[in-house]
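Colleague: I'm new to this one. Could you put it up and talk me through how you back up what you say?

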Amino acid sequence: MSSTRGRWYQSGAKVVNQRARCAVALALILGGSAGCQDGQLPPGAFVVALASEPQSLDPRFGTDANSARLADLLHVGLTRPDMAARRVPELAASWEFVNATTVVFRLRSQFHFADGRPVTAADVQATYAAVLDPALASPKRMSLAMISRIEAPDPATVVMRLREPFAPFLDATGLGILPADRAHEPGEVAVGAGPFRLLSATRGERLVLAPNPGYPGGPPHLDPLVVRIVPDEVVRTLELYRGGVHLTEDSPQPEMLDWLGSRPDLTVERTPGTSFDYLALNLRDPRLADRRVREAIAASLDRESLLRFVLGGAGRPASGLLAPEHWAYAPARVPRHDPKRARRLLDRAGYRDPDGPGPLPRFRLVYKTSTQPGARRLAETIQAELATVGIALDVRTYEWGTLYADVRSGNFQVCALAWVGVGDPDLYYLAFDSTMQPPAGYNRGGYANPVMDRLTRRGRQLLDPAGRRAVYARVQRRAAHDLPVVPLWWEDRLVVHTRRLRGFEPAPDGNLRSLATTWME
Amino acid sequence: MPRRALRRLVLIIPTLLGVASLVFAFLHLVPGDPVEIMLGESAAPADVAALRHDLGLDRPLPAQYARFLARAARGDLGQSIAFRAPVAEVIADRYPATLELAGTAFLLALALAVPLGVVAAARAGSMLDRLTRLGSLAGVCLPSFWLGPLLILAFSIGLGWLPVSGRGGLAHLVLPAVTLALGMVGVLVRLVRASMLVALGEDYVRTARAKGAPGWRVVGGHALRNALMPVTTVAGLQAGALLAGAIITETIFAWPGLGRLIVEAISARDYPLVQGCVLAIGVSYVGVNLVTDLVYHAIDPRLRDAE
């Protein structure tokens, strides 16, 4: 076991040992845990509730949404995304493409790790080299695969050389930086230069963070910041109501939001989000390979009603992957609810209704989804809407690991999925290029169009932002026409927090960076 | 008695071997690849292959199984794929929470069920008996996913006496322990009552009464001891189930126990962790069975004499 992991777990282990003693006492004498006070929240703590535990606090390993949220608080990257998903300076004060394959980053000198050491180019070099080291088995290795060499000519300069011109490269520069002497450790390293530092972590229960005194512009005001894992949605809501939790971003159900919003001590903030919900279609199925059938499916859905029913209206009907706030967004056609047209399209495609308004469908499809209540609710409403145009959906629910394996292997016809926190528009290449079918990429439906291939490949080579925007405008229009997936909506971000919290700004991608600058009245 | 305990301990080995074999087989039948879940969809095939090799997942299943058993025999449960930490360490982090909750719920259930069952049997047909039976029926019928939030609404939100969720001092323990215990109380009350009614109708009870023994002594000293034998069996089974982790209760009350850990491990297809958790549960069950056997001996001297 590495020293880091040892340190990470030590705090937890101490707690565990004390709890084990308490548990033994409990087993002997009822009420024995009366003296077991180590689990109490520190006084004055600001408590954030998350639905699930972050997979890792180490920026080299964490890939889930909550790991990213915590990484934003504990670590700094060279760049970070702004509201329009553009990369803006963070540790890097500026950067320059010296040529198509060489980028020079100038670092700020104000950032310090939680142990007081300044962050230098050597730390950046070591962290990137560690992620690129196959021995570490970092899930982020492929996102940096375009880097051929990293140099640190002086403590404030990092030079990255790319294998070939690669426009989305900056999207990979958000990687949290670790101290150089620990970057290659195989275990968890949670020491960063972010606004907070990790005080203790108790697996499955809570993380306690304290302000990083060396953070530029002064340490955050929230001291300590406690991140609690509260898996049950109703209980998260009740914790907010009771004051045991001060902020949650894992959106409660619409009916609960109304109830929480009526509380005088709570605020419900809603901001346009970048998460894109869609129906994935398997184009290997001959019926779904027909664009008229896909268009008929899109036209049979009343997105406004679905949104109201499934999300309480907390979203906007989507035209494609990129939300209107995104720098590369271009208006494209949003599928209009038109059941008559849907029926005509299906007739033209050769799928006539065998008994008119009778119970027999034109054809049946299997709709796979997860066991989450929201996913089931969406499945049932889509099933009802498609039934009106004569398409019968057999809804089958699966545990997430099984569903994911089926989606990856192309063993599905229809399923509802989402892209969370869409960054660079190069996602269009990964999702729709004909060569990006699993296991190479995300083109799970097997969509193939030479025009789309040409455009998405051009988009990742162009370094000029205006040129890229023009290319991706065409990509978005092409996707809206071909409908390789049926767009549903962009989900709003919903944050519920105590009114005593000041200065909090919800982010479209759900990050919690704003906690570094907020305070409690 | 020591010989019997030793025999029980020796039986742990084939029991755990059977449990481990079944879990290994079932886990590998379920679709889903831990490496793909770990590395994500965009991982290079070469990286997937390399990590699969590092984790030994590219070996034939019998070889993986033999490797797992060989390591387990040395006390090495392997490395958790999702947590990137030794499985034993991850389980050791969570097990005390389960022990704390299960132990409290079990003691609470016994403390409520035995007196209630005894009183109901001693006053069979009375209003108290009817109320006890009705209450026990409710305890059995109320699912924890409904009862838990209801208790939170009443005692945390309504009265403000107790915290909503989380693990901390005694106050945090009350609601999850009560939620777990009430179901068990329902089962045990009915069992204690039924066993007591049988025992109270026995000849030795009539004899004790005829000899003028006080009522409390007849019930507590003569009938209860005999009535406790079937109750001990069921209570032992219930205790084992509690130690296996109360997934729903742990989820509702944000209790960081073994039940939630298993669900997380299954979702991530974290084979070593699932196997480790199941082994830990298997050991718990065997331990509870051993204690149950010892309790039998303590209650019934005929078993001691038979040995």
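**Reading chain B**

Colleague: What makes B:Leu150 count as exposed?

Modeller: This is a predicted model, and the label comes down to a count. B:Leu150 has 12 C-beta neighbours inside 10 Å, and 12 or fewer means exposed, so B:Leu150 gets that label.

Colleague: Where in chain B does B:Leu150 lie?

Modeller: B:Leu150 is part of helix H7, which covers residues 144–158 of chain B.

Colleague: And how far is B:Leu150 from B:His297 in sequence and in space?

Modeller: They're 147 residues apart along the sequence, and 41 Å apart from C-alpha to C-alpha.

Colleague: How many helices and strands does chain B have?

Modeller: You'll find 14 helices and 0 strands in chain B. Reading along the sequence gives α-α-α-α-α-α-α-α-α-α-α-α-α-α.

Colleague: What share of chain B counts as buried?

Modeller: Chain B has 307 residues, and 45% of them count as buried. That label takes 20 or more C-beta neighbours within 10 Å.

Colleague: What does the C-alpha trace of chain B span along its principal axes?

Modeller: About 85 × 55 × 30 Å. As for contacts in chain B between residues at least 6 apart in sequence, 74% join residues at least 24 apart.

Colleague: What is the mean pLDDT of chain B?

Modeller: The mean is 84, with 93% of the residues of chain B at 70 or more. For the complex, the predictor gives an ipTM of 0.79 and a pTM of 0.82.

Note on methods. Residues are numbered from 1 along each chain as its sequence is written. Chains are lettered from A and ligands numbered from 1 in the order in which they are written. This is a predicted model: local features need pLDDT of at least 70, side-chain atom pairs count only at pLDDT 80 or more; totals for chains, interfaces and linings use all residues. Helices (H or I, at least four residues) and strands (E, at least two) are DSSP runs, numbered from the N terminus. pLDDT is the predictor's confidence in each residue, from 0 to 100. Two residues are in contact if their C-beta atoms, placed from the backbone, lie within 7 Å.
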